[in-house]
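Here is a short briefing on a protein model. Look over the sequence and the structure, then read the points by topic.

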Amino acid sequence: MSSNKVTSLSRRMSCALGLLAGGLHGGALAQAGPDLNALPLEQLLNLDVVTASKIPQKISEAPSSVTVITAEDIRLRGYRTLADVLQSVPGMTVSYDRNYNYGNVRGLGNPGDLNTRLLILIDGRRLNDVVYDQGAIGTEFPVDLNLIERVEFVPGPGSAIYGSSAFFGVVNVITKSGVAPGGAALSAGAFTGGGREARVVVGNGAAGGTALLLGASSFRSAGRDLYFPEYDDADDAASNHGIATGLDYDRYHRMFAKLDVGGLVAEAYFGSRTKGIPTASYGQQFDDPRPWTRDEYAGAGVTWRRTVSDTLDVFASVNVARYRYTSINVTAPVSTGPTRNIDTADSRSGGAELRVISSALSGHKLIAGAEYVRDNRRQMANYDVDPYKPYFDRDHPKHQAALYLQDEMRLGPRVILNTGVRRDADSEGGATTNPRVALLYKTARQVTLKALYGTAYRSANAYERYYTFDARANPALRSERIRTYELVAEYFPTDRFRATASAFQYRLRDMLALANDPNTGNLYFSNIDAARATGIELEAEWLREDGSSLKGSANVQSARNDVTGQWLANSPRRLFKLTYTSAPLGEHLRASAEYRFTGRRRTVQASEVGAFGVVNLNVVGTVGTHVELSAGVFNLLAKRYADSASEEHYDNSTPPRHLNAIGQDGRTWRVVATLRF
């Protein structure tokens, strides 16, 4: 049966790619193509990035290494989620437990940690919720990738600018303006596993004037049946021989609006994702169709920018955000008629920021800012249904305030000293101060050398402090701390080639980890861990005259627990990535091929998952002037590989059966058609 499925898939994809190539060839011959020498944004030495310092800076002058993934990169490579985008970032891997995606940055990122140490921003505003501090990067991310202008990733500590959670890095998703789409577009897509997607985007406006962007998308997938060998028990009929049938479904809805009127920008988003749970996590009955989770994100904000004079700019913003989580849990077999258990979270927060940028002092660019955030609601509850039985219901509002200052000093034509410091006061976690220093030297041979130092912190979230269902609260938790050192060399000999080399060391202390209460046996969070990571990262990118491009990166790294000396879970020691893009028929047919190699990793259960390499292929092109077609095959060679499970992945057996690893998708395909008018 498997052979028949693969054959059928191969035939369908061959036909689709063949028809696409034929149609695009005709379209290409019928009309002249655009300039093949138009450079992607990341190739330009003078590209301005904003995430490193909250102001536009040349990528070579930013006080950190910065990776940029543009809208064109997303389109040509066929990315569907922010997790797909981050997989292409040097030094980053993303694991998947069939519910959420987890980023690992330079060897740091535990399975199941909800990306609490990775700050996710939408147009500079924090997305991480205020209950779990979760950084959404999978299908629960509330903005469609079709609306994104670019994604900027800054590795290392960002607390000197952004405060808590900017621990391992900052991901800033920058959305398009209404000018970019240049009209309306409708898209429809089909995916492996019965997936169906529909999108609509409407943009209108003129550069420098009023512009409006509206977008909405919907996705539904039945998913595949999945096999888990740990649950394959011949003596237990309820285990269905380790096969979870029809439980990997995924569906979401997203809406986005953005209005730009001169220096005033207002935007709002909403996203709701419901995901089936095939892994029997948290002691649930395996192969039970009732458990699922739902994540809802909503937010709105207004920003205002004004140039007061040639040397003074003012920025102000206000925003509100809401996050709601619901989980249905069933721990007993269907035959016993158990009640369902509901786990919920509901949060509401609002904040404001004022920032002033001054270049009045010769040789200096000063940035001074103040922020205030009030988390009006951080409620968690757990209860049984029919009969109703509450276990806990807690709400712990809090507020935070911060002041920050940064100075970009030019000490000559080749030397820049960038210093910054931020003071955060948290009504729950106390006060903390985090500095950073970056010394940049530009040589005469198009090389920029950067010496970087910084610290960051992450305040314990409401879940870690107060969750008490089968757990013990610990309100007195201290903030996690990190101290980093990095040396960077960037080489830009021409606008068509760049190379970067980095050597880094991260030191972490007061890391939060689960411990066992000897009196009750309940788990609780405690500041008991410390870790250290060191490594070397290399990257190069080359754009050729014929419009093709080649980009590659390699990482050699080591991340260990400083207390035990043990190799950290989910931490690969070797990474290699290579992307090649070509234009065989000009801009009317573009093809992209990706190869990603990930070294072996230790699992939470003290075992290992093997190294693997994945090949992805995507083809994009136009038919006439209004139709765009995209066809992609991912994991083209059907490589079998797995990611580490986390401590939460165990069923209701006695004793519980724990998952060691979670298998990932084999060969998958995607076909999307877009009509522009």
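The lining of the largest cavity is made up of 11 nonpolar, 20 polar and 16 charged residues. In this count, Ala, Val, Leu, Ile, Met, Phe, Trp, Tyr, Cys and Pro are nonpolar, Asp, Glu, Lys and Arg are charged, and the others, Gly among them, are polar. This is a predicted model, in which local features need pLDDT of at least 70, side-chain atom pairs count only at pLDDT 80 or more, and totals for chains, interfaces and linings use all residues. Residues are numbered from 1 along each chain as its sequence is written, and side-chain values use heavy atoms, with hydrogens and water left out.

**The largest cavity**

- A cavity is a set of points, on a 1 Å grid over the protein atoms alone, where a 1.4 Å probe fits but cannot get out; its lining residues have an atom within 4 Å of a point.
- The structure holds eight cavities of 30 Å³ or more.
- The largest cavity holds about 1,100 Å³ of space. A volume is the space filled by probe spheres set on the points, and grid points are joined across faces, edges and corners.
- Its lining has 47 residues, and Arg80, Asp84, Tyr96, Asp665 and Thr668 lie nearest the centre.
- Elements that give two or more residues to this lining include helix 3 (82–87), strand 12 (210–221) and strand 39 (668–676). Helices (H or I, at least four residues) and strands (E, at least two) are DSSP runs, numbered from the N terminus.
- Strand 4 gives the most to the lining of the largest cavity, with four residues.

**The second largest cavity**

- About 210 Å³ of space lies in the second largest cavity.
- Its lining has 20 residues, with Pro63, Ser64, Pro155, Pro157 and Arg436 nearest the centre.
- Strand 25 gives the most to this lining, with three residues.
- By type, the lining of the second largest cavity has 11 nonpolar, seven polar and two charged residues.

**Nonpolar cores**

- In soluble globular proteins, nonpolar side chains tend to be buried together.
- A nonpolar core is a set of buried Ala, Val, Leu, Ile, Met, Phe, Trp, Tyr and Cys residues joined through side-chain atoms within 4.5 Å. Buried means under 20% relative accessible area, exposed over 50%, and partly exposed in between (1.4 Å probe, protein chains only).
- The largest nonpolar core has 58 residues, and Leu82, Val171 and Leu508 have the most contacts inside it.
- A second, separate core of 10 residues includes Tyr231, Ala244, Leu247 and Ala645.
- Leaving aside neighbours within four places in sequence, Leu82 is in contact with residues including Ile120, Phe141, Val171 and Val173. Contact means heavy atoms within 4.5 Å.

**Backbone exceptions**

- Most residues other than glycine have a negative phi, and most peptide bonds are trans.
- A cis peptide bond joins Asp386 and Pro387, with omega about 5°.
- Pro387 sits in the loop between strand 20 (364–385) and strand 21 (389–395), and Asp386 lies in the loop between strand 20 and strand 21.
- Asp386 has a positive phi, near 50°. Is Asp386 buried or exposed? Asp386 is exposed, at 69% relative accessibility.
- The bond from Thr654 to Pro655 is cis, with omega near -5°. Pro655 is in the loop between strand 37 (642–644) and strand 38 (661–663).
- Asp510 has a positive phi, near 55°, and lies in strand 27 (residues 497–516). Asp510 is buried, with a relative accessible area of 17%.

How values were computed: 1 Å grid on protein atoms, 1.4 Å probe; cavity = no way out; pocket = protein on both sides within 12 Å on 5 of 7 lines; lining within 4 Å.
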